[in-house]
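Colleague: I have a structure to read and would like to go through it feature by feature. Can you take the general idea and then the case at hand?

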Amino acid sequence: MTQQFYVSPEQLMKDRADFARKGIARGRSVVVISCRDGIALVAENPSPSLHKIGEIYDKIAFAAVGKYNEFESLRQAGVRYADVRGYSYDREDVTARGLASVYAQSLGAVFTAEQKPFEVELAVAEVGQTQEADHLYRLTFDGSIADEHGFIVMGGQADKVSEAVAAGWQGELDFAGAIRLALAGLVADKETTTLPVSALEVAVLDRGSESGRGTRRSFRRLEDPDIVALLAEEK
Amino acid sequence: MQETTANRVAANATSSFTEHLQRERPDLMPFGQVPFNQLPGTGHAAQPAAPLQAPHGTTIVAMTYAGGVLMAGDRRATMGNVIASRHIEKVFPADQYSVLGIAGTAGIALDITRLFQVELEHYEKIEGTLLSLDGKANRLGAMVRGNLPMAMQGLAVVPLFAGFDRPAGFGRLFSYDVTGGRYEEQEHHAVGSGSMFARGALKKLWRPGLSEQDAVAVAVEALYDAADDDSATGGPDPVRQLWPVVYIVNRTGAFRVPDRDLAAVAGRVIESRTVAQREA
């Protein structure tokens, strides 16, 4: 039997964290912005079918960066959690806080107990009646949870993108303004000044879905023509 | 080792909310919890000692029209000879492009409706695409089948399902029996205690290519005729301002017809019958 080398717990955790961080930084960024009309979720994603942004429940959306298979399994688990909860209690009893804490626990358990940590970073967003009632939670690979105000930037060169978004963020933005700001952020770490619409994945949580479209499901994925039309509006 | 892990992942991958619930939280299922021969009062006999008294929903009518399909239900639930509810709603949107109406034991039917609504939304969220209309109709059939043990106790649920088939570009109707058998219906159909009378009225009133307004009028009149002859079906109630629940489903989605339109339509039906001064 071979002798195992002693590795201190500090070193072990640091190695795992470095491993996860490297994986997350390799990908492209995702930006989540709370604005007047609701919450805009924008990802740089060339695939039209392998989504980084998804609907969880009536007022709750999910965005992720990192390894697709890992965050996709977390997204599906989130949909199941929310649907079971809404079915057994009531639709309004499903909250982003509850979901985020379940995610934090699973990510934390995987980080300490499994062979390798999840190389993902998640955002859970809940749109409220007013902008003050919006909730944005950021979840990292080790199960840490943070309650963010205004916007979240994850993945890729997150610090550069975050700087650009922070410079332009204000609560009065409409969806067009928020998506423009997210685009400005996404190109901050690149040579170009614009991204083709086909390389974008955009979805919104519409604050006025009940009064405007008559549906309690506020999540709406914007197709390429919708994005072009929205961005062409007067600034 | 690798292969068993892959098999386990594949076996656990389901887009069905019902399957997930059966696996993880069987206590939340509306049916299939207690084997029917173990229910109190059944003993070894196949028939229960006394039939269980529970509110029953009654008549639902559905028909195709020029732009899609329409479904309407009266507002009455009965328990034996007593009116259990005058306000009950028995037609629901299942998702954006389909509706279902339920006749039979109201409590179980309402839970099956809720489960079916979550089932369709769950599939849409997990898969990122809508289930086909045939797929939806089959899922509902499986749920009715799941309720068979309860149906044998006298707690049957018989739904009627209608939706707009977007690839095909027209509306379609499906009826079910208690064993979950699924039958596609042409033109129009009705279920529930007053369905015989409603179907008779539909045979005379329905024509191919009805406009939306005409289809609403035909549905309200068919329910009026059902209420006329079936004591368990409620007619339009001008005293309490209660009108049938009517949903239309067309290319753009499922919508509920507003009460003020139904009040006008029901008013015209009552007026024409009053003017005609006929006994039957």
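Colleague: Which residues of helix 6 (residues 195-205) of chain B are buried?

Modeller: They are B:Ser195, B:Phe197, B:Ala198, B:Ala201 and B:Leu202. Viewed down the axis of helix 6 of chain B, these buried residues fall within an arc of 160°, so they line one face of the helix.

Colleague: Which exposed residues sit on the face of helix 6 of chain B turned away from its buried side?

Modeller: B:Lys203 and B:Lys204.

Colleague: Helix 7 of chain B came up as cover. Which residue there should I look at?

Modeller: Take B:Leu223, which is placed in helix 7 of chain B. With 32 other C-beta atoms within 10 Å, B:Leu223 is buried. Beyond four places in sequence, B:Leu223 is in contact with B:Thr59, B:Val61, B:Ala72, B:Asp74, B:Ala198 and B:Pro244. B:Leu223 and B:Ser195 are 28 residues apart along the chain, and their C-alpha atoms are separated by 8.7 Å.

Colleague: How should I think about nonpolar cores?

Modeller: In soluble globular proteins, nonpolar side chains tend to be buried together. Here the largest nonpolar core has 138 residues. The residues with the most contacts inside it are A:Val32, A:Ala61, A:Val124, B:Leu70 and B:Ala219. Helix 7 (residues 212-229) of chain B gives the most to this core, with 10 residues.

Colleague: What does A:Val124 touch, leaving out residues up to four places away in sequence?

Modeller: A:Val124 touches A:Ile60, A:Phe62, A:Ala96, A:Leu99, A:Ala100, A:Tyr103, A:Tyr137 and A:Leu139.

Colleague: Now a strand. How do I read its two faces?

Modeller: In a regular strand the side chains alternate between the two faces of the sheet. Look at strand 9 (residues 200-206) of chain A. A:Leu200, A:Val202, A:Val204 and A:Asp206 point one way, while A:Glu201, A:Ala203 and A:Leu205 point the other way. All are buried. Strand 9 of chain A is thus listed as mostly covered, with 7 of its 7 residues buried.

Colleague: Which strands pair with strand 9 of chain A?

Modeller: Strand 2 (residues 38-44) of chain A pairs with strand 9 of chain A in the antiparallel sense, over 7 bridges. A:Ala43 stands opposite A:Glu201 there. Strand 10 (residues 219-222) of chain A also runs antiparallel to strand 9 of chain A, and 4 bridges join the two. In strand 10 of chain A, A:Arg221 is the bridge partner of A:Ala203.

Colleague: And the interface between the chains?

Modeller: The size of an interface is often given as the accessible area lost when the parts come together. Here, count residues: 9 of chain A are in contact with 11 of chain B. Helix 2 (residues 68-88) of chain A gives the most to the chain A side, with 7 residues. That side divides into 3 nonpolar, 3 polar and 3 charged residues. For the complex, the predictor gives an ipTM of 0.91 and a pTM of 0.90.

Colleague: What does backbone phi tell me?

Modeller: Most residues other than glycine have a negative phi, and most peptide bonds are trans. B:Gln241 has a positive phi of about 55° although it is not a glycine. B:Gln241 lies in the loop between helix 7 and strand 12 (245-250) of chain B. It counts as exposed, with 9 C-beta neighbours inside 10 Å. B:Gln277 has a positive phi too, of about 50°, and is not a glycine. B:Gln277 lies in the segment after helix 8 (259-276) of chain B.

Colleague: Where is confidence lowest in chain A, and where is it highest?

Modeller: Lowest in helix 6 (residues 209-212) of chain A, at a mean of 82, and highest in strand 6 (residues 135-139) of chain A, at 95. Chain A averages a pLDDT of 90.

Colleague: And chain B?

Modeller: Chain B averages a pLDDT of 88, and 92% of the residues score at least 70. Over residues 42-46 of chain B, pLDDT stays under 50. Where pLDDT is low, the predicted coordinates should not be read in detail.

Conventions:
Residues are numbered from 1 along each chain as its sequence is written. Chains are lettered from A and ligands numbered from 1 in the order in which they are written. This is a predicted model: local features need pLDDT of at least 70, side-chain atom pairs count only at pLDDT 80 or more; totals for chains, interfaces and linings use all residues. Two residues are in contact if their C-beta atoms, placed from the backbone, lie within 7 Å. Ala, Val, Leu, Ile, Met, Phe, Trp, Tyr, Cys and Pro count as nonpolar, Asp, Glu, Lys and Arg as charged, and the others, Gly among them, as polar. A residue is buried if 20 or more other C-beta atoms lie within 10 Å of its own, exposed if 12 or fewer, and partly exposed in between; C-beta atoms are placed from the backbone. Two strands pair if DSSP finds at least two bridges between them. A nonpolar core is a set of buried Ala, Val, Leu, Ile, Met, Phe, Trp, Tyr and Cys residues joined through C-beta atoms within 7 Å. pLDDT is the predictor's confidence in each residue, from 0 to 100. The arc is that of the directions from the helix axis to the C-beta atoms.
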